[in-house]
Amino acid sequence: MSVIPVSYYLALSAVLFGLGVIAFVFKRNVITIFMSIELMLNAVNLAFVAFARAHNQLDGLVFVFFVIVVAAAEAAVGLALVIMLAQNRQSLSVERMNHLKL
Amino acid sequence: MTVPFLLFFVCGALAVVGAILVIAAREPVHSALALVLVMVALAVLYLLLGAPFIAAVQIIVYAGAIMVLFVFVIMLLNAGVEERTDFSSIAKYVGVPLGFVLMLWAAHWLWHSQPAGAIGTAATTPAASSRELSVELFRQYLFPFEATSILILIAILGALVLAKREE
Amino acid sequence: MLILDHLWIILALPLAGAAINGLLGKHWPQSRINSVAIGSVTLAFLAVVELVREFWQLAPGQIPFVGNYFTWILAGPFRVDFALAVDQLTVVMLLTVSFVGMLIHIYSTGYMAHEGGYYRFFSYLNLFMFFMLTLVMATNLIVMFVGWEGVGLCSYLLIGFWFLKKSAIDAGKKAFITTRIGDFGFTVGVLLVFATFQSIDFGTIFKSLATNPVSELTLTAICILLFTGAVGKSAQVPLYVWLPDAMEGPTPVSALIHAATMVTAGVYMVARMNPLFARAPVAMLIVAIVGAVTAFYSATIGLVQTDIKKVLAYSTVSQLGYMFLACGVGSYATGIFHLMTHAFFKGLLFLAAGSVIHAMGGEQDMMKMGGLAKKIPTTYWTMLIATLAIAGIPGFAGFFSKDEILEAVRSGPNANLILWLLGVAGAGMTSFYMFRLVFLTFFGAPRYDEHHVHVHESPKNMTIPLMILAFFSIFGGWFAAPHLVGGADYFGHFLEPVFSMYAPQPTGEQAAALAANPPAEAVSPALALFHVVTGWPVIVAVLGLLVAWWLYIQNPDAPKRLAKSVHGLYALLLNKYYVDEIYAALIVRPLLWISTNVLWHGVDQGLIDGVVNGSAHLARLSGGRLRELQSGNTRSYAAWVLVGVVGFTVLLLTLFVTGVH
Amino acid sequence: MEFISQHSVLVASIIKIAVLLLIVMTALAYLSWAERKIIAHIQSRWGPYYVGAHGLLQPLADGLKFLFKEDLTPPTADRLAYLLAPFLAFSLAVTAIALIPFGPPSVPFPFLPGQQAFSVTDLSLGLLVVFAITSMGVYGVVLAGWSSNSKYPLLGGLRSSAQMVSYEVSLTMSVVGVVLMAGTLNFNEIISNQRGYWFHLIPRWHVFPQIVGFLCYLIAAIAETNRIPFDLPEGETELVGGFHTEYSSFKFAMFFMAEYGNMITVSCLATILFFGGWLSPFPDRWTWQVYLPGASLVLLGLYCAYDTVTTMRGIARIQLTVVTLLCLGAALLCLLPPVAAVIQGPFWITTKILLFLFFYMWLRGTLPRFRYDQLMSFGWKLLLPVSLANLVVTAAWLMWGWMRQG
C-alpha cells in the first residue's frame, strides 16, 4: 500500500485556505463572505486531520470536532445577523454597509 | 497510480474546483453548492485519512445542516446576483493579489516541507475508531467539550433574540 | 479553654457592635443602640476576664499563647499571619483597656444622650475598642500596625465628631497628620526590622536576637524609628501638639482615647519591643530623655491653662512622659504599672471633668466656675480622689506607680540624676496644677451667672462609672505596696517573663553597677515605709498642694499679681511656648507655599495637565490622519488584515523556516 | 478468473449493487401501485384495475408515460440547479438503501469467499453514514424549490428545508437511545444486540425498552419523508405541488421515486433499530418457522388461483395465472431446506419493512394535514424535548446498570 505524503494534504489545505482568503476579499455579498470563512475553516480542518493522521494522535480530530461546533454556532448567529441586516437595509452588499465612515 | 492516490487527486481537484467556483459564481446559491462540493470532497479525503467519524460529522453537520442553513437564508432573502461594485481599490489591487501570493507561496512551501515527526499517511495504521475518539473527547477534552456545548447554547439564544421580531 | 482557643471572639464582639450600630443604627432608638454598644463591650470584657482565668492555668512553657488564624500576606520570605498572642503584658493591657472602655461606654450613654449622631458615636467607639484590642493582642508588627493605624483613624473620626465645628475638624486633621509623621518613622522601622530579621513576628525576632546578635547601630536605628512612632502616637515632645487640640472631641473620647488607652499605645509598643531596646542603650537614653523632658515641659504648660480639659490634656502628656521615662531607664514593668493606674485616675479625671462640663452646661473655662463642691458632690469627691492619685499623695494609686518610676530613675540599673530631677520637678508641678484645677473648680465663690447656669448632678449612668473608677484610683496600686516596704513586687514579678525572657546577658559594667547598688537591703518595713513617705516625690507633691492652696484659697488675687510680675514667662507658658506658631512658621507655611506654587501651579497644571492635554491633542491629530484609512468598507479592512497576515507569515517563515525544513 | 478472486470486493459489490438496484426500482414502481390500491380500498374504491389484473401493470404504464411525456423546463429557471435537484434527491434516496443489511452477515456470497451476501457494505459507522446521506437529501428539495424560480416552489422549498432540518434533529436524537443500548453504530451489531427472548417468548427487540424513542422516531421519520400528515412541502391545497410544481415527466418521477426511496430507508432503519432487523420474531425452538416464507408464498399463490378462477376474464385471467405460477414456483424454491435456511433473514426484514410501508399508506388514508406553525411547534416544543428526555433516561438507566455490575 503506497503512502500519500502529509505534505500533499497540507499543500491542498493551503490552496483551499488561500482561495478562501481571496473569496473573502473578493466577494461583496455578506452571505458569500460568510461562506468563504467556512471555506477557510474547512481548509484548516483538513490540515488538522492530516496532522492527526501523520502523528497517529487523535487530538487533531478532536480539534476538528470543536472547529465544526464553533462553525455551527457562528453560522447560526451570523446568519441571524444577516437577516436583520437585510431587513433593515435592502442590500446584502458589504460595499453598501459603509456607515461606519464619518 | 494506486486507488488512494487516484482518490486523493480526484477529490483534491474537486475541492479546488469547488473553491474556485465559490469565488467565480455570481449566484450566491451556486457558491453555496460549490462549497458543498468542497465539503463532500473533503469528507472523502477524511475517509482516506482514516477518520470516518469526522467525515460523517463533516457531511452531517457542515453539508447537511450549516450549508442548508445558508441556502435557506439565501432563499429567504432571495439574494440575487451580487452587484459588482468596486468601492474598495485596496481590496482590488492589494488584497486579491496578496491572497494569491499567500496561497501559492504557502502551498509551495508546504509541498516541499516534511513536518517534523510526521510518518506519512500510511493506510496501514488503523482508522481512528469512534470509540477512541469519544474516549479522548470525554476524558482529556471534557472541559472544552462542555465549554463548546455552552457556546452552542449561547449561540442558539443569540440567534433567537436576533431573529425574533419585537412586537 | 473557651476563649484561649478562640481569641478572635474578643475582637469580633466590638467589631460586630460597630458594624451593627454603624450600618443599621441610624434610625434606632437610643436604648437599642446602647444595648448593642455596651453589650458588645461588656461581653468583650467578660471574655477577657474568662481569658485571664484560663491564662492562669497555662504552664509557663505555653506563654505567650499564640492563636494563628490565617496567613494574611505571603510574598516570598515576607509572611504575615493574622495571629493573636496572649502573655502577661497583653493580659494587663486587655484588662485595662476593656474595663475602662466598658465604663466609658456606660458613661457616654449619659453624656451623649442629647447629641446628634448617637449611633455614629457608639459605632466609632466600638470600632476603636476593636482596633485597640487588635493592637494589644497582635503578635507581629504588621497586625499591630493595623491596630495602630486603626485607633488613629478612630481618634480622627471622634475628634472631628462634631464635624460642623471647624475647630473640631482642624483638630482631627492635626491629630491625624501629626501622628502620621510619627507613623512614617514607625513604618520605616518595621521595614528595617524585616530587612534585619527576615521576619516581623515578635517571637521570631526576639529569638533570633537572642541567638545571633545584630549590630548595635542597626538596633539603635530600628528602636529610634519605632520610638518616633511612639512619640507621635503618645504625644511626646516634639509631636505632642495634637493632643491638647484633640480635646475638641466629646469628653468621653478624650477620656478613653486621649487619656486611658490609645495614647498609651506608644508605651505599650516600646515595652513590647523591650528586647530590642534593651540592646540599644543609646535609644534607651533617648527614650528616657524624651520622656523626662516631656514630663517636665508639658507640666510647665499645664500650670497656667484655664481650660479644664486642656489642663488635663497637658497632664496626660506629662504622665505619658513618666511612662516613657520608666521604659527608658529599663523598668518596663513600672512603666506599664503607671500606664494602668494612669488609665484609672486619668480616665476618672476626664469623666469627672466631663461631668463638671455637663453640669455647667458646656462651660470649660475654670475661671467661670468655682464653688461647685456643694452642688455636685459625687463629681467633687471622685475628682478629688483622682487628683490625689495623680498628684502622688501616698495611699493612692498614682503614688505607688510614680514613686516606683522615680525610684527606678534614681537608683535603677541605669539611673540618671538629671532625669530624676526633671521627673521630681514635674511631679511637683503636676500636683500644683491639679490642685489648682480642683480649687478653681470646686472652691471659692462661684464665678458664673447662677441665674442662667443651673448646676445639676449628672445622672446615675455617669456617676456610677465615676465611683468605680474612683475605687480603682485608690486601690488600683495597692498590690505594689509590699514592694515599697521592701517586700515582694507582685506586679513586676507577674510581668517579669515578658521583660526577662529575651533580656540580654548583663555585660561587665552593668553587672558591676548591679553589684555597686544591690537590691534594697532588707530594712525593717516601718523604716522603709518612712523612707518612702518622706521621699522627695511625696515632699514635692505636698509642696505643690500647699502652694496651690496658698495661691487659690488663701489669697485668690495672688495669681494675677504673680502673672503680672513675671509677665513674659506667663505669656510664654500660656501660649504653650508658641510651639504651634513655630511649627506653622517653620513647616506648615513653607509646605503650603511649595505645594501651591511648585506642585500645583508648576507640576500639576504645567507638567501633568500639559502632558495629558498634549497627548489628547496628539491623539486627535493622528486620529484625523488615520481616519483616512477607515474607509468603512469591509473589503478594505479585510485587505488590510490580509496584508498583516502575509507580513507575519513572511516574518515567521524567514525566522523559523530552517526549523521546519 | 483470478482477477475476480483478486478484486473480490469490487466484483461482489458490483453484482450486489446491480441486484439491489433492480429490486429497489421494482419495489419503488410497485409501491406506488400498492399505495394507490390501499388508499383506494380505504376509501372503498377499486383503484387501478384495468391495466393488467388488479392494475398490476399500472406502474409500467406510468413509467412509459413519464418517459415519453415532454420534459419542459421553465425559461426563467436556473438550469444547473433545476437539473441537479431531482438527480440529487433520487440518487441519495437510493444510495442510503445500499447500507442496509438484508440478512445475517454469516451468509456468504456464492463463489466469492469472505464476502457477505445480503449487505452491499457493512460499515462500522453504518447508521451515521445513513444519516449523512439522508441529511444531504434536503438539497434536492431546496434546490428544486429555488431553481424553479417561481413562487409556490420557493415557498415549498423553504418550508420543506426548514421542516426537514428541524425534524432531522429529533430523528437523530430519538435513535441515540438505541445506539447507547447497542453500544455500536454498525447495523449488524445493533441487530445481533437484539437476539434472545424474554420469558423464552418475547423477542428482545429495542422497541420494548425504547418505546418512547420509537414513537419519536416514527413521527420524525414521517416528517422527514414529507409524508402525510407532514406533507406541507407539497400541500396541494396551499402550494399546488410544492417544490416540484414546475417539474414534469421523468424529473417529476424521480422526485416521486425519491420519496418512496426515503420511505423504504426510514422503514429499514426502524426495522433494524427497533424490530430486530432480520431476526425472526419467534423463538428458535419453533423449527417450523423455517417454512414460513414458502408457506406465505403458497397462500398468495392459492389466493391468486382462486381469484383467477372466480373473477378474472380474458387476458387478465392469463396474466394472473402467470402470477400464480410464479408464486407457487417461488414457494417451491423457498421450501427447499438450504434455500429456506438462507432465505430466513431477508424474509423477516422484508416483511417488517412492508408492514411499515403499509403503516405509512394507512396513515395517508386516514390523517388530515398539520398546519405549518403546528408542525414547527410540535417538532421543536414536543418531539425534541421528549426524545432528549428519552436519551437522558436511557443513559441514566445504563449507567445504573453498569454501576450495579461495578
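Okay, chain C and its confidence: the mean pLDDT of chain C is 86, and 96% of the residues score at least 70. pLDDT, by the way, is the predictor's confidence in each residue, running from 0 to 100. Where pLDDT is low, the predicted coordinates should not be read in detail.

As you'll have gathered, this is a predicted model, so local features need pLDDT of at least 70 and side-chain atom pairs count only at pLDDT 80 or more, while totals for chains, interfaces and linings use all residues. On labels, residues are numbered from 1 along each chain as its sequence is written, and chains are lettered from A, with ligands numbered from 1, in the order in which they are written. The model scores ipTM 0.73 and pTM 0.58. Chain B averages a pLDDT of 82, with 87% of its residues at 70 or more. In chain B the lowest mean among the elements, 80, belongs to helix H4 (residues 89–112) of chain B, and the highest, 91, to helix H2 (residues 28–48) of chain B.

Back to chain C for its layout. Chain C has 28 helices and 2 strands. When I say helix I mean a DSSP run of H or I with at least four residues, and a strand is a run of E with at least two, numbered from the N terminus. Of the 661 residues of chain C, 49% are buried. Buried means 20 or more other C-beta atoms within 10 Å of the residue's own, exposed means 12 or fewer, and partly exposed is in between, with C-beta atoms placed from the backbone. Taking contacts in chain C between residues at least 6 apart in sequence, 81% join residues at least 24 apart. A contact here is two residues whose C-beta atoms, placed from the backbone, lie within 7 Å.

Some backbone details in chain C. The peptide bond from C:Ile63 to C:Pro64 is cis, with omega near 0°, and C:Pro64 sits in the loop between helix H2 (30–56) and strand S1 (65–75) of chain C. There's also a cis bond from C:Val237 to C:Pro238, with omega near 5°; C:Pro238 is in the loop between helix H8 (216–233) and helix H9 (242–245) of chain C. Then C:Gln198, which is not a glycine, has a positive phi of about 60°. You'll find C:Gln198 in the loop between helix H6 (166–197) and helix H7 (202–211) of chain C.

Now chain A. Chain A has 3 helices and 0 strands, and 62% of its 102 residues are buried. Helix H2 (residues 30–55) of chain A has 26 residues and spans 38 Å from first C-alpha to last, close to the 38 Å expected at 1.5 Å a residue. That expected span is 1.5 Å times one less than the number of residues. H2(A) is mostly covered, with 22 of its 26 residues buried. Just after H2(A), A:Asn56 takes a positive phi of about 55°.

So how does chain A meet chain B? The contact takes 79 residues from chain B and 63 residues from chain A. H4(B) gives the most to chain B's side, with 11 residues. By class, that side of chain B has 58 nonpolar, 17 polar and 4 charged residues. For the classes, Ala, Val, Leu, Ile, Met, Phe, Trp, Tyr, Cys and Pro are nonpolar, Asp, Glu, Lys and Arg are charged, and the others, Gly among them, are polar.

Here's one helix pair across A and B. Helix H3 (residues 59–88) of chain A and H3(B) pack at about 5°, with their axes 10 Å apart. Axes are lines fitted to C-alpha atoms, for helices over the stretch in contact, and angles run from 0 to 180 degrees between N-to-C directions. H3(A) and H3(B) are therefore roughly parallel to each other. The cut-offs are under 35 degrees for roughly parallel, over 145 for roughly antiparallel, 65 to 115 for roughly perpendicular, and oblique for the rest. The residues of the contact of H3(A) with H3(B) are 18 nonpolar, no polar and no charged.

Last, chain D. Its contact with chain B takes 15 residues from chain B and 18 residues from chain D, and helix H3 (residues 52–76) of chain B supplies the largest share of chain B's side, 13 residues.
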